[in-house]
Amino acid sequence: MANRQLTRSLLAMALACAGTAQADDTTATQPPLSEQTMRSGGTMPAEQQRVNFDHAELHIGVDPATQSIDGDARLTFSAKSSTDTLLLDLDHNLPISTITLDGRKLDASAWSNPEGRLSIHLPKPLAQGHKVTVDIRYGGKPHVAKRAPWDGGFVWSHTPDGQPWVASAVEGEGCDLFWPCIDHPQGKPDLVDMYVTVPKPLVAPGNGKLIDVKEHGDKRTYHWRAKHPTTYAISINVGPFELLQANYKSRYGNIIPMQYWHLKGDDDKAKALFLEFPAMLSFFEEQIGPYPFGDEKMGVVETPHLGMEHQTINAYGNHYAKGPYGFDWLLQHEFSHEWFGNQVTNADWDDMWLHEGFGTYMQPLYGQYLAGDMPYFAMLQDERVKVQNKFPVVAGRNQFEHEVYDADKGPGNDIYYKGSLMLHTLRGMIGDKAFFDSIRRLVYGRPDPKPGNFSPRYATTGDYIKIVNEVTGKDLTWFFHVYLYEAKLPVLVQERDGDTVNLHWEIADHAPFPMPVEVQVGETVQVLPMTNGRGSVHAPEGTLLIVDPHSKVLRELPHVAGYQAWQKAQMLRKKAS
């Protein structure tokens, strides 16, 4: 995501150069979220594991004047094993008026939602393979984000000319902030039909493919259909948008609709941004594989917050800020999540680096694609000085979203930057062919993806390790253990003994780390295999000696730690003054 993705997101980089729209300040008087609603993920309850989420038909009326929504969610589930309870998630601050089950209204005693975990008792157990449809009528004032996308909720804002401008961003707290769902990475519905009703002349861009728009009085309803959307990537967007659209002819033979819904006033800048769409599609399809949602669209909408990877309708609020690398980094980062996040989705929040590490590495990779090595290494250097190494990137257990993104409790931004730099190191070690093959197998579940032969899938860190081992024919578990499951970076110790320079790796838990290292002596570069974590090179005193001359290996570097300490001191001094 954008930077919810960094403290909760990566967008922290942009805050210095891009402001956000002023949202209406209604947060002081809103009721607090329950602990249940504030957290997302964790261990999925047994009741939720027993069902498959077949279909979500969501009817949501948005009233900017009262900052409220009117919802009707018709949800269909099939039983993977017998169950007598449907367990869903919905913010208890959105009151439920009625619930019907297969067309029959349930007595209020059959369901409860005291803290945001909606429990619906079925009149009789649902047998394995059987289906049930529950219709939940609810509404009210959805939680308002104080600083989206860093915290979740709705943003009720206005355009410069005073018209309503509304967006949702719910990655951290989850989908239950505005619709009844299974608030877990593995809670994806197979299909979502979203009907969004808004006052005229406002429009409502949405996820997936536009089915129709119906006019009724002073309102209109947009019907969007999306397949396998990530739960937090289902979004509401309302505003007086204008539409730029064109078709992209894919190298795979299909035609991909491109759409950008933007505000009036910056038409030239909007058109310039839209011109970046085809190049980004070409890059991803060439380097990774087919755009996963080509039968729907590549969609972007301008939002009053920085950004988020909403499936096929990515949120963009970077204010057309120019960067030094020839492309809009925010647009590219959020678009990368169509592959890393929406096509392949983390099975647990503990595996969130699969979204953000890969998503972050796509910016330097794209810079290299466009202009060579200079932007590639410049961006990697920017990332390097942000790595904190306080907690492992992967804890090895089920986690809630906040446990991962909170830098005081978990890896925080390291899922972005350390994940990206680890991938750079992996690429240098196993080579481009194996590296990109491993990515395709992770994303698509196969090495030969083509439109129509793959579907969205879940993956874990262990899945990717297994893929890399299979592709390379080597057991590289040691590599991932050090970079993902240990907090500290490996230290390469260099000692001179006469004309010999000895190198050895120091690892926090003394784990094996036979990471090869290039060493330049004079004009010659040689590779030390570092078998058993040790190696040596003949380099007489006074001879040019550069360890890792092409910066291939992520490791502890004293000058980086020194710079970070200086930065911290400067910040403390500024706060004290």
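Is asparagine 237 buried or exposed? Asparagine 237 has 2% relative accessibility, so it counts as buried (buried means under 20% relative accessible area, exposed over 50%, partly exposed in between, with a 1.4 Å probe and protein chains only). Before going on, note that this is a predicted model, where local features need pLDDT of at least 70 and side-chain atom pairs count only at pLDDT 80 or more, while totals for chains, interfaces and linings use all residues. Residues are numbered from 1 along each chain as its sequence is written, and side-chain values use heavy atoms, with hydrogens and water left out.

**Stop 1: asparagine 237**

Keep asparagine 237 selected and colour by secondary structure: this residue lies in strand β14, residues 237-238. Helices (H or I, at least four residues) and strands (E, at least two) are DSSP runs, numbered from the N terminus. Now show side chains. Those of asparagine 237 and serine 235 are joined by a polar contact of 3.1 Å. A polar contact is a pair of N or O atoms within 3.5 Å; within protein, one must be able to donate a hydrogen and the other to accept it, and residues adjacent in sequence count only if both atoms are side-chain atoms.

Next, display what surrounds asparagine 237. Leaving aside neighbours within four places in sequence, its contacts include Val166, Ala167, Val203 and Ile313 (contact means heavy atoms within 4.5 Å).

**Stop 2: arginine 220**

Select arginine 220, which you'll find in strand β13, residues 219-227. Arginine 220 counts as buried because its relative accessibility is 15%. What does its side chain reach at 3.1 Å? That would be the backbone oxygen of proline 201. The side chain of arginine 220 also makes a polar contact, at 3.4 Å, with the side chain of glutamate 215.

**Stop 3: two cis prolines**

Stay with proline 201, in the loop between β11 (191-199) and β12 (209-216). Now jump to proline 149, in the loop between β8 (131-140) and β9 (153-158). The bond from alanine 148 to proline 149 is cis, with omega near 5°.

**Stop 4: two positive phi angles**

Pick tyrosine 320, in the loop between β19 (314-316) and α6 (329-336). Its phi is near 55°, a positive value in a residue other than glycine. Most residues other than glycine have a negative phi, and most peptide bonds are trans. Tyrosine 320 has 11% relative accessibility, so it counts as buried.

Then go to histidine 510, in the loop between β23 (500-506) and β24 (517-521). The phi of histidine 510 is near 60°, also positive in a non-glycine residue. With 74% relative accessibility, histidine 510 counts as exposed.

**Last stop: the whole chain**

Clear the selection and zoom out. The protein chain has 14 helices and 27 strands, and its C-alpha atoms fill a box of roughly 85 × 60 × 55 Å along the principal axes. Of the 577 residues, 57% are buried. Among contacts with a separation of 6 or more, 70% come from residues 24 or more positions apart.
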